[in-house]
Amino acid sequence: MSVLNQASPSTALPDAALALRPSACPGLLRIVAARDGGICRIKLPGGELSAAQAAVIADVSERHAAGVVELTNRANLQVRGVRSGHEAALIAALVDAGLGPIRATGAVDADNLLLASSADDVRNVMVSPAAGRDPFALFDTRPLCIEMLTLLQSEARFAALSPKFALLLDGGERLARLDHPHDVWLAAMQAEDGVRFVFGLAGCPPAVADADANAFPHIARTGSHSAVDHPHPNYAGALAAVLPAQVTDLVRALLHTFLDLAAPDATRMRHLLATHPVDALLQHAQTYVDFPLSRDTSLANWLRPTPADATLRLGAHAQRVVGMLHVGGQPPLGRLDATTLRGLATLSQQQGNGTLRMTPWQSVLLPDIAADAAPTVLAEMNALGLACDPAQPMTRLIACAGSTGCAKSLADTKADALRLADRLPDGIDVHLSGCPRSCAAAHCAPYTLLAAEPGIYDLYRRDGQPGFGSRVAHQLTIEQAADMLDPLAHPARSPSDA
Ligand code: SF4
C-alpha cells in the first residue's frame with residue numbers, strides 16, 4: 001500500500017450521511033444532485049489511489065450510478081449519475097475501501113457525521129503527480145502532504161474552513177501545476193544549507209520562464225460565481241521561508257490566523273487579505289509558532305527556478321531512479337467509464353507499482369513502469385482511449401459537465417468540445433464552459449468558449465484581464481470558433497501557411 005493511502009475501512013453509514021451541509025460542493029459523504037443524477041466526489045490524498053481502490057470505484061459506479069467516473073481539476077475523482085436510493089450503499093463501499101476521511105474510520109454515527117463530512121471537505125492539499133519520482137524535485141512532498149491532510153482533519157476547528165480552501169505543496173518538480181491559485185502555497189527552494197519552503201498566500205508560486213498562465217498569479221477564482229477575480233491589492237508573492245520540519249506548524253498557524261481574523265463571509269485567504277495587511281497576518285500567525293515569522297524582503301522577487309512542464313503528464317518520462325518511467329494519458333474530456341478505469345487498474349498492477357495517480361489536468365499517471373515495459377503500457381493506454389501525445393487535440397480541450405449534466409449550462413459543452421476536437425488548430429488549449437462558474441478550470445485557460453445558447457459561444461482570450469480574459473468574438477458556432485482560433489494563436493502565419 002502506498003504511503004499516501006492511509007485511511008482504514010469503515011462499516012456502514014447511516015441514512016443521515018445523505019444530509020446536505022450548507023456547502024453545495026459534492027463530497028464523499030454529501031452526494032449533490034445534478035441533472036444526470038447524484039455526484040459523489042472522492043478526495044484522493046496527493047491524487048493517488050491503489051489499483052484495488054480504483055477497481056472498487058469502477059464497480060460501485062456501475063452498481064450504484066451511471067458507470068461514469070470524472071477526473072477533477074484538483075486531482076480527485078467523482079462518480080456521476082448516482083441513482084436515487086443507492087447513495088448510502090455507494091458511500092459505505094467507498095469508505096470501506098479506505099477512501100473516506102479520518103473521521104469516517106470505524107462506525108460513523110449520526111453524531112460524528114457532520115464532523116466526518118467536514119473533515120472530508122477540507123482534504124485539499126495539492127502536490128505534483130510526480131511527487132517522489134520527478135528527477136527535478138528538491139523534496140519529496142508526499143510525507144508532508146500526509147501531515148497536512150492529518151492536520152486538516154484532526155483539529156475540529158478546521159472543519160469551519162470552506163470546502164474550497166486549499167493548500168499547495170510544491171517540491172520543485174518539472175511536472176507541476178502552478179496556475180491554480182491556492183489559499184496557502186509552499187514551494188521547495190534550495191538554500192546553501194539545505195531545502196527551505198518558501199510560502200505565500202492567495203496565489204501561486206512564481207516561476208521562471210512562466211507560461212503566460214503563470215504571469216498573473218494574483219488572478220484568483222471568485223468561488224462559485226465567476227471564473228477569476230480582480231487582483232487583490234495585498235497580493236505579496238513569496239513572503240518568507242521555513243525549514244521542512246516547520247511547515248506543518250506554519251500551516252497550522254496560518255489556518256488559525258485565518259479563522260481568528262476572517263469575517264463570517266470571508267471564505268478564502270484572498271478575502272482576508274482584502275481587509276488585513278499581510279504583515280499583520282504574519283504577526284498574528286507568530287503567536288502560534290516558536291520560530292521567527294516575519295516577511296523576508298530578500299524573497300520579494302523569488303522565482304521558482306525550474307519551469308513547469310504540463311506535457312510531462314503525457315507519454316513516458318524518466319523518474320529519479322534510472323530505468324523507471326511514469327506513463328500518462330488523458331481520458332477524453334476528463335471522463336472514464338468503469339471498464340477503462342478497471343483496465344488502468346489492471347495495467348498498474350501488471351506493469352507498475354499497483355497505484356494510479358490522478359493529475360490536476362484531469363489525466364492519469366502510472367508511476368514506476370520499467371523502461372522496457374513503457375511501450376506496452378503506452379499502447380494499452382491508447383487502446384483504452386487515452387491520449388498520450390500532446391499533439392492529440394483531446395489533450396488540449398477541457399469542458400464542464402454541460403447541459404446533459406448541469407441545469408445551469410446553456411450548451412452541451414462536452415459534445416461541442418468533441419466537435420471542436422476535429423478542427424482544433426495545433427498549439428491551442430481551449431476551455432468550454434456552460435456558464436461563468438468555470439467548474440472545469442480553476443485557472444484562466446488561454447482560450448475560453450463561454451456558452452451563450454445551445455451550440456453558440458462567446459470566445460475569450462486570456463490577457464491578464466479578470467474573468468476569462470477579453471472577449472474577442474461573440475455568438476460563434478463551433479465551426480466559426482475553430483476558424484477564428486488558428487489566426488489568433490498563430491498571427492505570424494501567412495494564409496498560405498495555415
Ligand atoms: S460551469 Fe458548467 S458545470 Fe459548472 S455550473 Fe456552469 S454550466 Fe454547470
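Guide: Contact here means heavy atoms within 4.5 Å. Keep that in mind as we tour this predicted model.

Visitor: Then which elements do the buried residues of α7 pack against?

Guide: They pack against β9 (194-203), α5 (247-261) and α6 (269-273). The buried residues themselves are V278, L281, L282 and A285. Helix α7 spans residues 278-286.

Visitor: How do you know where on the helix these buried residues lie?

Guide: Look down the axis of α7. Its buried residues fall within an arc of 95 degrees, so they line one face. An α-helix has 3.6 residues a turn, so residues three or four places apart point the same way.

Visitor: What makes α1 and α8 roughly parallel or roughly antiparallel?

Guide: Their angle. Helix α1 (residues 51-64) and helix α8 (residues 338-351) pack at about 165 degrees. Angles over 145 count as roughly antiparallel. The pair is therefore roughly antiparallel. The axes lie 9 Å apart, and the crossing is left-handed.

Visitor: Which residues meet there?

Guide: Among them are A51, A54 and I57 in α1, and A338, L341 and R342 in α8. The residues of this contact divide into 8 nonpolar, 3 polar and 3 charged.

Visitor: What is K414 in contact with, leaving aside neighbours within four places in sequence?

Guide: E70, L333, R335, A399, C400 and A401.

Methods. Residues numbered from 1 in each chain as written. Predicted model: local features only at pLDDT ≥ 70, side-chain atom pairs only at ≥ 80, totals over all residues. Heavy atoms only, no water. Buried < 20%, exposed > 50% of the residue type's maximum accessible area, 1.4 Å probe, protein only. Helix = DSSP H or I, 4+ residues; strand = E, 2+ residues; numbered from the N terminus. Arc of directions from axis to C-beta. Axes fitted to C-alpha atoms, helices over the stretch in contact; angles between N-to-C directions. Parallel < 35°, antiparallel > 145°, perpendicular 65-115°, else oblique. Left-handed = near helix turned anticlockwise from the far one by under 90°. Nonpolar A, V, L, I, M, F, W, Y, C, P; charged D, E, K, R; others polar.
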